[in-house]
Amino acid sequence: TAIQALYPVSGFVIKKKAKAYGIGNWLEGVVHDDLPVLLVDDVKGYGKTLTKQANRLAEFGLELVDTAFCVVACQKTSSPNINVGAQRIFVESLFTADDFARMYGEYVGKYGKTPQFNGTLV
């Protein structure tokens, strides 16, 4: 990736399950086992997937950074932390469920006007 050209970082994807072919890799990409891993996820619900994958990476002997990132944290009541053994990792999110209005009535209630775009609105 472009960032790897500028900084010495690993750039890889961890699969939800090992590949069913070849050597059965869990990881795709370049893994530098001497560099810490920064976890990034698209969506965090209750954090089960992120926690499971973080634990798997720790089992592989990789060091994890104390902060992880996700694009959207969907559960307002979920803890922003995940636990990996004795390590506590704080999960920062760019957005939460409150940042989005999903229903027509919610949109009008949140923004005080009708939507000004074309497309499907549930």
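## Exercises on a predicted chain

Gly-85 adopts a positive phi near 60 degrees in the hairpin of β5 and β6, where two residues lie between the strands. This is a predicted model, in which local features need pLDDT of at least 70 and side-chain atom pairs pLDDT 80 or more, while totals for chains, interfaces and linings use all residues. Residues are numbered from 1 along each chain as its sequence is written, and side-chain values use heavy atoms, leaving out hydrogens and water.

**Exercise 1. Find the pattern that the chain follows along the sequence.**

Step 1: Count the elements. The chain has three helices and six strands (DSSP runs numbered from the N terminus: helices are H or I with at least four residues, strands are E with at least two).

Step 2: Read them in order. The pattern is α-β-β-β-α-β-β-β-α.

**Exercise 2. Work out how β6 is joined to β4 and to β5.**

Step 1: Start with β4, residues 67-73. Six bridges join β4 to β6 (residues 87-96), and these two strands run parallel (strands pair if DSSP finds at least two bridges between them). Look for Cys-70, whose bridge partner in β6 is Ser-93.

Step 2: Move to β5, residues 81-84. Here four bridges make the link to β6, and the strands run antiparallel. Asn-83 has Arg-88 as its bridge partner in β6.

**Exercise 3. Locate the salt bridge in the structure and say which parts the pair ties together.**

Step 1: Count. There is one salt bridge (a side-chain nitrogen of Lys or Arg within 4 Å of a carboxyl oxygen of Asp or Glu).

Step 2: Name the partners. Glu-28 and Lys-15 meet through their side chains, at 3.5 Å from N to O. Since Glu-28 belongs to strand β2 and Lys-15 to the loop between β1 and β2, the pair ties together parts 13 residues apart in sequence.

Step 3: Check the exposure of both. Glu-28 is partly exposed at 31% relative accessibility, and Lys-15 is partly exposed at 27% (with a 1.4 Å probe and protein chains only, buried is under 20% relative accessible area, exposed over 50%, partly exposed in between).

**Exercise 4. Describe the surroundings of Arg-56.**

Step 1: Arg-56 sits in helix α2, which spans residues 48-59.

Step 2: Look for an opposite charge. Arg-56 is buried and has no salt bridge; Glu-59, the nearest side chain of opposite charge, is 5.3 Å away (Lys and Arg count as positive, Asp and Glu as negative; His and chain ends are not counted).

Step 3: List its contacts. Leaving aside residues up to four places away in sequence, Arg-56 touches Ile-14, Lys-16 and Trp-26 (contact means heavy atoms within 4.5 Å).

Step 4: Follow one contact. Trp-26 lies in the loop between β1 (11-14) and β2 and is partly exposed, with a relative accessible area of 24%. Trp-26 and Arg-56 are 30 residues apart in sequence, yet their C-alpha atoms are 9.3 Å apart in space. Trp-26 has other contacts too, including Val-13, Ala-18 and Phe-60.

**Exercise 5. Relate Leu-38 to the loop where it is found.**

Step 1: Find Leu-38 in the loop between β2 (27-30) and β3 (40-44).

Step 2: At 44% relative accessibility, Leu-38 counts as partly exposed.
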